[in-house]
Amino acid sequence: MTTEKDDQIAQNPNHHLTETLDGQVIPARPLPMQPYSDHAPDVEFPAPAPNAGESMAMGHDSPLRETIRDAKRIVVKIGSSSLTGDDFSVDPRKIDHIVDAIQARMERSDVIIVSSGAVAAGMKPLGLTSRPQDLATKQAAASVGQVHLAYEWSRSFARYGRTVGQVLLTASDAGARDRARNAQRTIERLRHMRAVPIVNENDTVATSEMHFGDNDRLSALVAHLTGADALFLLSDVDGLYDKNPAEPDASFVSEVRTGKDLKEVAAGDGGKVGTGGMASKVSAARLAARGGVPVLLTSADNIGPALEDSRVGTVFHTREERRLSAWKFWALYTADAGGALRIDEGAMKAVTRGGNSLLAVGITEVVGEFRAGEILDIVGPESTIIGRGEVNFDSTTLRSIIGKHTDELPSELQRAVVHADYLSNYASRV
């Protein structure tokens, strides 16, 4: 006696390409064995979430939204809860919904995906019922989950004849200038070869001391690294509210131009399968905006309208007058620090005004052992890190000259400790 499943498999001569999910048979496709050919089936942007028309997050217009709508190169970050089901397994239907929207957008834009979910996706296969807390179990779950995620992304994009490439990064990769360039080149080459780059933090090797903390921050760094024109942060909330959107008096925040627009906003932490709550997303959005990349924040359920016309969710403005150069952004937010310089009040005022170099006379202490050319934290008199810069002396030489005026130094040492061109400060955040 045959079952319905047997009948379905019999109808598919390549039955080894059929997968089973919760008792259902879902036709699988072989992964593409040739480059994308522009002959993929036509696809429309998915409809918004049910009842989305009643949400305060829908139907907003502004010049910035038009800019995001027309962006030629975008980064789309997907949160863990948008990729996995209630049973902590990868949900193919959720991924298909996301891929349909991305395929539609790729008719007019290059798209780079930053995918969370490796740890969450590995929980069910390992029998875990809650997100692991110890590093070893997190890394074990990530090692399993990365395989499941990569398979599902590949399976879903194969419906359109697209190949995906996985790029796994750690914070130390981004912090080292040469490795960051290698990652950038890899992503660029994947794009030129018409594959879809999917970036994730390499949780299997990242340590608790050296990690991005959440993929929201990673997506902001990837957006800047790749010269993206816009960043889409997608999770399970349709935008930014001044308090929990479940509260009846919550107000929607449609646009964020400066930090003043966030003074009344209370943002929460991550959910049961993720690490990046709304506070993390706001921080990442501001980080991307400071690097010159505008941001749209909304839910993955609304990915269709977000990618189609950008009239949904919250947008974060850039401020051109405070935009950091590529080097200063890297030094301030990504680079590994080899040590620190403590400075006095006068030096702090000089360097935070911008355009001034850090001189030996304003340094009160050298922390750590380092070589010339390394990136150092610059610490103010109240022990607050106020910036970073590339040091012109090794630690031994620098200790012998701190507190001295330039004209008191030998001629070969009469130069700035950190030149203004290689000094970046936190004083002018968005």
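Q: Where does Ser 89 lie in this predicted model?
A: The model is predicted, and Ser 89 sits in the loop between β3 and α3 (92-105).

Q: Why is Ser 89 called buried?
A: The cut-off for buried is under 20% relative accessible area. Ser 89 has a relative accessible area of 16%, so Ser 89 counts as buried.

Q: What makes the pair Ser 89 and Asp 87 a polar contact?
A: A polar contact needs a pair of N or O atoms within 3.5 Å. The side chains of Ser 89 and Asp 87 make such a contact at 2.8 Å. Leaving aside neighbours within four places in sequence, Ser 89 is also in contact with Leu 83, Thr 84 and Lys 124.

Q: Which residues does the UniProt annotation "binding site" cover?
A: According to the unreviewed UniProt entry, the annotation covers Lys 77, Ser 235, Asp 236, Thr 275, Gly 276, Gly 277, Met 278, Ala 279, Ser 280 and Lys 281.

Q: Why does Lys 77 count as buried?
A: Buried means under 20% relative accessible area. Lys 77 is at 3% relative accessibility, and therefore counts as buried. Lys 77 belongs to strand β3 (residues 73-78). Not counting residues up to four places away in sequence, Lys 77 touches a set of residues including Val 114, Asp 216, Phe 232 and Lys 281.

Q: What makes β4 and β6 a pair?
A: At least two bridges are needed, and two bridges join β4 to strand β6 (residues 196-201), with the strands running parallel. Ile 113 has Ile 198 in β6 as its bridge partner.

Q: Why is strand β4 described as largely enclosed?
A: Five of the six residues of β4 (residues 110-115) are buried, so the strand is largely enclosed by the rest of the structure.

Q: Why is Met 278 called buried?
A: Met 278 is at 13% relative accessibility, so Met 278 counts as buried, the cut-off being under 20%. Met 278 is found in helix α9 (residues 278-290).

Q: What makes α9 mostly covered?
A: Of its 13 residues, 10 are buried. Among them are Met 278, Ser 280, Lys 281, Val 282 and Arg 290.

Q: How does the span of α9 compare with the expected value?
A: α9 reaches 18 Å from its first C-alpha to its last, close to the 18 Å expected at 1.5 Å a residue. Just after α9, Gly 292 takes a positive phi of about 95°.

Q: Why does Arg 194 count as partly exposed?
A: Partly exposed lies between buried, under 20%, and exposed, over 50%. Arg 194 is at 34% relative accessibility, so Arg 194 counts as partly exposed. The residue lies in the loop between α7 (177-192) and β6.

Q: What is phi at Arg 194 and at Ser 383?
A: Most residues other than glycine have a negative phi. Phi of Arg 194 is near 65°, a positive value in a residue other than glycine. Ser 383 likewise has a positive phi, near 65°, and is placed in the loop between β15 (375-379) and β16 (385-390).

Terms used: Residues numbered from 1 in each chain as written. Predicted model: local features only at pLDDT ≥ 70, side-chain atom pairs only at ≥ 80, totals over all residues. Heavy atoms only, no water. UniProt positions renumbered as here; feature names shortened; annotations may be inferred. Helix = DSSP H or I, 4+ residues; strand = E, 2+ residues; numbered from the N terminus. Buried < 20%, exposed > 50% of the residue type's maximum accessible area, 1.4 Å probe, protein only. Contact = heavy atoms within 4.5 Å. Polar contact = N/O pair within 3.5 Å; in protein donor to acceptor, adjacent residues only side chain to side chain. Expected span 1.5 Å × (residues − 1).
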